[in-house]
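Hi there,

Here is the structure I promised to pass on to you. Please have a look at it first, and then read on for my notes.

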Amino acid sequence: MVKDFANTFYKGMHKEKVTCPLCDSNRLKKLYDNDRYQMGVQTVICKNCSLIHLNPRPTEQEMVGFYKNHYRNFYESIDVPTSHYIANGPFIPRANFVYKVLNDYLNHANNILDVGCAEGTLLKLIEDSYPSIKTQGIEPSNGFGNYAKGQLRGEVFLGGYQEFVKQSPNIKFDIITTTHVLEHIL
């Protein structure tokens, strides 16, 4: 059932052929033309730099709409998290792992940005351990982002990182995290 919906949903998205997002080469080789949801996603490798990516890929407008309105429900079957859902999901172990990696750097940080902060578990852990660090998150999902806003002292920007950068082009952070994010950006 999920595969049928995913296939129909993806086929209905507007897509564009692009050059390699890393090196701008158009020397691409198709590796695979499907995925676990049978959506017909085409994966290519750049013959110049070896970056593996989708091509054609959904347009920026389609991506913004997908992550704002559908992603969380599509992949996690929930629009708005609950404390029970968070306690029983991968969120706390993931946040603890990232926190341990960052811990030595947090001692010297004034601020941190978590791109794709989801429900805010990582930022909450940092706020509780380092109350002087100013936290900020970016979350495209309204349900998860609003949940994070209710849990955190810091700010949560509802939208994508491109929108955030356009609205705050000169803002700087001591630490920026992108846990399980890079595979979702253009």
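A residue counts as buried under 20% relative accessible area, as exposed over 50%, and as partly exposed in between. Please keep in mind that this is a predicted model.

With those cut-offs, Lys29 is partly exposed, because its relative accessible area is 47%. You will find Lys29 in strand S2, which covers residues 28–32. What does Lys29 touch, once residues up to four places away in sequence are set aside? The list is Thr43, Val44, Ile45 and Lys47. Between Lys29 and Thr43 there are 8.6 Å in space, C-alpha to C-alpha, and the two are 14 residues apart in sequence.

Next, Asn111. This residue lies in strand S6 (residues 111–115). Is Asn111 buried or exposed? With a relative accessible area of 17%, Asn111 is buried.

Now to the helices. Two packed helices are described by the angle between their axes and the distance between the axes. For helix H5 (residues 91–106) and helix H6 (residues 121–129), the angle is about 45° and the axes are 9 Å apart. That angle makes H5 oblique to H6, and H5 passes H6 in a right-handed crossing. On the H5 side, the residues that meet H6 are Phe91, Ile92, Ala95, Asn96, Val98, Tyr99, Leu102 and Leu106. H6 brings Thr121, Leu122, Leu125, Ile126 and Ser129 to this contact. By type, the residues of the contact of H5 with H6 divide into 10 nonpolar and three polar, with no charged ones.

H5 also turns up among the neighbours of helix H7 (residues 142–151). Which residues of H7 are buried? They are Gly143, Phe144, Gly145, Tyr147 and Ala148. These buried residues pack against H5, and also against helix H3 (71–76), helix H4 (83–87), strand S7 (134–139) and strand S8 (155–158).

Best wishes

Conventions
Residues numbered from 1 in each chain as written. Predicted model: local features only at pLDDT ≥ 70, side-chain atom pairs only at ≥ 80, totals over all residues. Heavy atoms only, no water. Axes fitted to C-alpha atoms, helices over the stretch in contact; angles between N-to-C directions. Helix = DSSP H or I, 4+ residues; strand = E, 2+ residues; numbered from the N terminus. Parallel < 35°, antiparallel > 145°, perpendicular 65-115°, else oblique. Left-handed = near helix turned anticlockwise from the far one by under 90°. Contact = heavy atoms within 4.5 Å. Nonpolar A, V, L, I, M, F, W, Y, C, P; charged D, E, K, R; others polar. Buried < 20%, exposed > 50% of the residue type's maximum accessible area, 1.4 Å probe, protein only.
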